[in-house]
Amino acid sequence: MTSADVRSRFPGLSDGWIRFDGPAGTLPVDSSVDAIADYMRSPAPANLGGQFAASKASDGVVGGARAAVARLVGAQDDEVVFGPSTTNLMFAFTRALARDWQPGDRIVCTQLDHDSNVSPWLLAARDAGATVEFLEVDPVDGTLDVEPLKGLCADGRTRWVAMSGASNLTGHSPDLLRAVAIAHEYGARILIDGVARVPHLPTNIAEIGADVLSTSPYKWYGPHAGILVVRDGLLRTIEPYRVRPADYDGPSRWETGTPQIELLAGITAAAEFMMETPLVDEAARETALLALLQEGLQDISGVSVRGPSVSEDRAPTLIFTVAGRSPLEVDQYLASRKIAVWHGDNYACELIDAMGLRGDGGAVRAGIVRYTTADDVRALLQALTEFTSGT
Ligand SMILES: Cc1ncc(COP(=O)(O)O)c(C=O)c1O
């Protein structure tokens, strides 16, 4: 598929804006939009589990979405749980886990993570009297060495490790295979936040060996929703907070209330779009654009890129600052040029603190996605050149 072919699939690009806001949420692909509308217009809308055709069609939509997501991340269909957002699922999941924690038990979080994979653990641990320790990042480039996890797990009191699969701020991806090996060696479970990873990097939960993986389809061209993939029968061993008449078997016992069935139709289409082009090919294209962006930024006087160097094993997202200008000012200027970015900490609270960026108002974030072109990158670089030189 050429870049023009890909871009023609995104109706949201029609307003002429240049979109580097993908790490906060991508535009939906046309097939996902159509699938949602088609379901809503069809005779199918009906609640689940009935004996009549419309209800059975809706059951089929839910089953189809589980199968599509399972294929995307290397899971089994019955390991896929849907919810309104990953954060929402994280609160439900950690609260259910914590019923089994004792004072003295430990949870390990990291300074790399989005707060969606930190606060739910902090609050659940507080309620259970468990402790939370943080794996620290390198304050210069924000990378995470997972080796110190050993010291935090060695006494056998660590119950869960919560780790980012890729940073939503700097794109850095830690050594997940090593982290899983260490956690499992000492009897801890490990949850990988795949929200910023799955859109860009091959993420097969079975190959990684993680116990749980989160992902949000609105980061990979689908609708706003969240997903937890929970492996190896673990779902059945954890008792969710649920209403009594709801299904007890399978992932649906974690899906409190009626799911957003129409969005699940859109999730299936988005997952299929993700799988149309081999991820490794797309990753190479995105990495090349990231290199163009990073090198171009480094050539602009006063602009500093923070984070790891460009490589294929990280997400194509970066942060930068502009000397003498706040990230808010940069963001506002770019918006005046119809270029969308984000600024601040983007909920990566510990990472912004550790990298010493909090006092300056965080950093400006730009992300490459499937509809980003080299022209987009050049337009961003041109705008920043004019901004910093005052022309
Ligand atoms: C890395 C990461 N994890 C988790 C989340 C939370 O996802 P959701 O908005 O689905 O709750 C986000 C959202 O931006 C994110 O970037």
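Helices (H or I, at least four residues) and strands (E, at least two) are DSSP runs, numbered from the N terminus. I noted that first. The model is predicted: local features need pLDDT of at least 70, side-chain atom pairs count only at pLDDT 80 or more, and totals for chains, interfaces and linings use all residues. Residues are numbered from 1 along each chain as its sequence is written.

**Entry 1**

I looked up Lys 338 in the loop between α12 and β11. Its phi is positive, near 60°, and the residue is not a glycine. Most residues other than glycine have a negative phi. Is Lys 338 buried or exposed, or partly exposed? I used these cut-offs: buried means 20 or more other C-beta atoms within 10 Å of the residue's own, exposed means 12 or fewer, and partly exposed is in between, with C-beta atoms placed from the backbone. Lys 338 has 13 other C-beta atoms within 10 Å, so it is partly exposed.

Next I checked Asn 346, in the loop between β12 and α13 (349-354). Asn 346 is not a glycine, yet its phi is positive, about 50°. Asn 346 counts as buried because it has 22 C-beta neighbours inside 10 Å.

**Entry 2: helix α12**

Which residues of α12 (327-336) are buried? I found Pro 327, Val 330, Asp 331 and Leu 334. They cover an arc of only 100° around the axis, so they sit on the same side of α12. The arc is taken from the directions from the helix axis to the C-beta atoms. Gln 332 and Ser 336 are exposed on the other side. The buried residues pack against several elements, among them β10 (317-322), β13 (363-367) and α14 (374-389). Contact here means C-beta atoms, placed from the backbone, within 7 Å.

**Entry 3: the open sheet**

I traced 7 strands in the order β2-β8-β7-β6-β5-β3-β4, an open sheet with mixed pairing. Two strands pair if DSSP finds at least two bridges between them. β2 (80-83) and β4 (131-135) stand at the edges; each has a single partner strand, so one side of each lacks a neighbour in the sheet. β2 pairs with β8 (226-230) in the antiparallel sense over 4 bridges. Val 80 stands opposite Val 229 in β8.

**Entry 4: the ligand**

How many residues surround the ligand? I counted 13, and the closest are Ser 85, Thr 87, His 114, Asn 168 and Val 195. Near means a C-beta atom, placed from the backbone, within 6 Å.

Note on methods: Two residues are in contact if their C-beta atoms, placed from the backbone, lie within 7 Å.
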